[in-house]
Amino acid sequence: MEAVLIAGATATVGGTYMSYKASKKAGKQQQEAQEFNAKVNERNAKVSRLSAEIKKRQTEQDLIDFDKGFERLQKSTAQAYRVNGFRADTGTPLTVMLDNAYEGEKEKAMIKYNSQIAQAQLEEQAIQGGMQADLSRMYGDQARTSGKYGAYSSLLGGVSTLSGLGMQYAMIR
């Protein structure tokens with residue numbers, strides 16, 4: 001009977017130790033997974049910020065290209081009127097060119113507006129990515145703490161079981 005109690009005590013100690021190690025390792029692995037997620041979210045935030053900067057510069061170039069194209073249109077329009085014997089700086093030709101200029105400015109304003117909206121959306125994605133990274137780290141810390149508590153709980157449970165076995169052994173003797 002004594003051998004059975006010793007075997008039980010040994011198994012309890014071994015099982016308690018394994019449970020302790022498993023709980024700590026699980027908490028650490030969950031923390032590492034959350035840290036990986038945080039790094040991915042930070043990377044995505046950087047990409048979003050870079051994309052917003054690229055969008056801003058692309059818009060600046062688009063506006064330069066638009067101005068060049070618009071200038072060619074205005075020159076072509078003026079030339080077409082002059083070829084037909086009209087002065088381009090008075091009457092209907094002037095009205096047409098002013099209307100073109102007005103429409104061109106409206107188009108440029110729309111390009112700027114759409115770009116600002118896209119940049120704001122990309123910045124919001126970056127902010128969300130940063131917040132998600134912080135949240136992932138918090139979850140990781142909680143997982144590690146939970147793993148530690150689980151490990152300590154298994155130690156206490158093992159001590160309690162071992163204590164019960166000790167009392168049984170004392171009763172047998």
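A salt bridge (a side-chain nitrogen of Lys or Arg within 4 Å of a carboxyl oxygen of Asp or Glu) joins the side chains of Arg137 and Glu35, with an N to O distance of 3.0 Å. This pair links distant parts of the chain, since Arg137 belongs to helix H2 and Glu35 to helix H1, 102 residues apart. Helices are DSSP runs of H or I with at least four residues, numbered from the N terminus. The model is predicted: local features require pLDDT of at least 70 and side-chain atom pairs count only at pLDDT 80 or more, whereas totals for chains, interfaces and linings use all residues. Residues are numbered from 1 along each chain as its sequence is written, and side-chain values use heavy atoms, with hydrogens and water left out.

Arg137 also forms a salt bridge with Glu42, in which the closest N and O atoms are 2.8 Å apart. Here too the pair links distant parts of the chain, with Arg137 in helix H2 and Glu42 in helix H1, 95 residues apart. Relative accessible area was used to classify residues as buried (under 20%), exposed (over 50%) or partly exposed (in between), with a 1.4 Å probe and protein chains only. Arg137 counts as partly exposed at 25% relative accessibility. Glu35 is partly exposed, with a relative accessible area of 26%, and Glu42 is likewise assigned as partly exposed at 32%.

In total, the structure holds nine salt bridges. Another of these pairs the side chains of Asp89 and Arg87, at 3.1 Å from N to O. Within this pair, Arg87 is exposed, at 55% relative accessible area, while Asp89 is partly exposed, at 45%. Salt bridges that share partners join Glu35, Glu42 and Arg137 into one network.

Ser136 counts as buried because its relative accessibility is 3%. Contacts (heavy atoms within 4.5 Å) are made by Ser136 with Gln34, Asn37, Ala38 and Asn41, when residues up to four places away in sequence are not counted.

Surface patches were then considered. Patches consist of residues with over 30% relative accessible area and no salt bridge, like charges being joined within 9 Å and nonpolar side chains (Val, Leu, Ile, Met, Phe, Trp, Tyr) within 5 Å. Lys and Arg count as positive and Asp and Glu as negative, with His and the chain ends not counted; the place of a charge is taken as NZ of Lys, CZ of Arg, CG of Asp or CD of Glu. Lys21, Lys24, Lys25, Lys28, Arg144 and Lys148 form a positive surface patch. Two or more residues of this positive patch are contributed by each of helix H1 (2-83) and helix H2 (91-172). H1 supplies the largest share, four residues. Lys21 is located in helix H1 and is partly exposed, with a relative accessible area of 42%.

A nonpolar surface patch is made up of Met110, Tyr113 and Ile117, which together have about 300 Å² of accessible area, as computed by the Shrake-Rupley method with a 1.4 Å probe, only the protein chains shown counting as cover for residues. Met110 is found in helix H2 and counts as partly exposed at 45% relative accessibility.

Ile172 is also placed in helix H2. Its relative accessibility of 46% makes Ile172 partly exposed. Ile172 and Tyr149 are separated by 23 residues in sequence and by 35 Å in space, C-alpha to C-alpha.
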